[in-house]
Amino acid sequence: GAGGFSSAVGEMGEKVGACVQLDQAPLKYDGLSYTEIWISEAQERMVLAVPPQNINKLRAMCEAEDVEMCDLGQFGWNNDGPEGHDPTLVLKYGDTEVGRLSMRLMHDGIPMPTREAVWGSSHQGTDTTQTLDGSMARSLDPSEALKALLAHPNIASKHWIIKQYDHEVQGGSVIKPLVGLAQDGPSDASVVRPKLGSNRGVAVGCGLAPHLAEKATESGWATDGDSYWATLAAMDEAVRNVVCAGADPQRIAVLDNFCWPSCDDPKQLGALVRAAEACYDGAMAYRTPFVSGKDSLNNQFTTESGDVITIPQTLLITAMGIVPNVTKCRTMDAKQAGNVLLIVGSTTDAMGGSHLIQIRNPKSEIQNQTIPRVDLTTGPLHAKVIAELLTAGHIASIHDCSDGGLLVAAAEMAFAGRVGLDLDLEGVPSDRALAPAAACFAETPSRYLLEVSPSQLDAVVRVLRDAGVAHGQIGTFAEHDHLTVRTPDQGRIMEASLDELREAWMQPLDW
């Protein structure tokens, strides 16, 4: 990674020192100086601290997997001077010592800068809940909104990009990026079997929610946008995605990838601190250790006229989970007419930062402009219960409910499986009455959509009820080729063919 050997060894050997034999490092091409070897940032390398008695075992494992390995030296290198024990970094090239540096000087001897990070009440937003009359709430055309959301760059099919790459990993791919009858549905995560003789697998999925960090919508309506809640939303989504693919929620590790504007700005640094705090809180709640990551913390540009253009505060969370038995994996595409659709998790009317707001004037029908927030008790509980249902074989298909909300996720399940769907919003669980816009398009975290056969319905409901998990039956898969939506007050408010919905989803990158 950043800094090459120098960074990794310098961090690992802080307390004990190290002696590095630079000429032992394998080179991609001849002619590199010892300085270039030491600071090279060539990718796909790791530095390991290995007990001497395990070197041969590690070498045998690497040879079996055709992976290069070299012994670069040893940790535990000291100068014994008047001050006593002094951990030291020593660099050698052949028999020549080419570098020597005290670890104490490296880590403690150089004055560190003090930076200002600002986070105050002005950043925390206000409750902008609005009371709208019935005519305004009904002004939303759910069919047109759904098509627009399916075509949104964040939601639309990425098939043109995906198909540039080979999805087979030595024939061990279990779930690929695109699934369904015609492999044109968005998989929640990918699953591979690293060892073809075993049914254990690894699931990989991502979560991303920079829109929840924004302090205001383009229309100027204030929200409580906050990088803390954006980070937790990304972590919750990443966990949900791999759990949907069959990962054991107790065996998940995560990576962070920060892309941030300049942290010389105290407000941007304050937001970064908030995100880091959320990483800690989320990792502790979901029991998902951060095992690696990357950062890029100066993503902005100043024009000749002095205007500063910055990217959104963005944190990508990647989750990797152990799949105990890949034969239990389920994909997101609907499987059979007659099965029922359940939603797991309560829906709120908080729609700040939602994709619906991004495509419409929110003053027309959105009641609550505050952002949804992850519950660090509910989220892990839902993941645990979903994993139990998958292991028991109770679920026919499963899809996480995130970008775009319930109606987008349900439409994706239906058109990926070529199975019609009749939705009834009366079944959406909530602690208050929801307007159709919120029921259809709110992006409340920690929710899942489950396709369940009638024979398994009682068992699924019993597990959810006994665990105290909010859930509701919201639809039935049907023999026709449409998606219909009903509300208890207005009756049928939408009907759209699966073909036109799939076309809206495919078209933006259908090159």
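**Note on salt bridges, core and sheet**

1. Asp499 and Arg502 form a salt bridge, with 2.5 Å between the closest N and O atoms. The term covers a side-chain nitrogen of Lys or Arg within 4 Å of a carboxyl oxygen of Asp or Glu. Both residues sit in helix H15, 3 residues apart, about one turn of the helix. Helices (H or I, at least four residues) and strands (E, at least two) are DSSP runs, numbered from the N terminus. Asp499 is partly exposed at 48% relative accessibility, whereas Arg502 is buried at 13%. Here buried means under 20% relative accessible area, exposed over 50%, and partly exposed in between (1.4 Å probe, protein chains only).

2. On the basis of the numbers: this is a predicted model, where local features need pLDDT of at least 70, side-chain atom pairs count only at pLDDT 80 or more, and totals for chains, interfaces and linings use all residues. Residues are numbered from 1 along each chain as its sequence is written, and side-chain values use heavy atoms, with hydrogens and water left out.

3. A network of salt bridges links Asp184, Arg418, Asp499 and Arg502. The structure holds 18 salt bridges.

4. Lys147 and Glu500 meet through their side chains in a salt bridge of 2.5 Å, N to O. Lys147 lies in helix H6 (residues 142-150) and Glu500 in helix H15 (residues 498-506), 353 residues apart. Glu500 is partly exposed, at 31% relative accessible area.

5. Which residue forms a salt bridge with Asp224? The partner is Arg373, with the closest N and O atoms 3.3 Å apart. This pair links loops 149 residues apart: Asp224 is between strand S10 (201-208) and helix H8 (227-244), Arg373 between helix H10 (355-359) and helix H11 (378-391). Asp224 is buried, at 7% relative accessible area. Arg373 is partly exposed, at 43%.

6. The largest nonpolar core has 107 residues, and Leu423, Leu450 and Leu483 have the most contacts inside it. Such a core is a set of buried Ala, Val, Leu, Ile, Met, Phe, Trp, Tyr and Cys residues joined through side-chain atoms within 4.5 Å. H8 supplies the largest share of this core, 12 residues. Another core, of 12 residues, lies apart from it; Val9, Leu22, Ile37 and Leu91 are among its members.

7. Leu423 deserves a look. Beyond its neighbours within four places in sequence, its contacts (heavy atoms within 4.5 Å) include Leu341, Leu406, Ile474, Leu483 and Val485.

8. Next, the sheet. In what order do the 7 strands of the open sheet run? The order is S17-S19-S16-S20-S18-S21-S22, with mixed pairing. Two strands pair if DSSP finds at least two bridges between them. Strand S17 (397-401) and strand S22 (491-497) are the edges, each pairing on one side only. The twist averages 20 degrees from one strand to the next.

9. Strand S18 (residues 420-424) pairs with strand S20 (residues 471-478) in the antiparallel sense, over 4 bridges. Asp422 has Thr476 as its bridge partner in S20.

10. Two helices to check against the sheet. H8 packs on it, touching S17 and strand S19 (447-452), and its direction makes about 175 degrees with that of S17. Helix H12 (residues 406-417) also packs on the sheet; the strands it touches include strand S16 (340-344) and strand S21 (482-487). The direction of H12 makes about 150 degrees with that of S17. Axes are lines fitted to C-alpha atoms, for helices over the stretch in contact, and angles run from 0 to 180 degrees between N-to-C directions.
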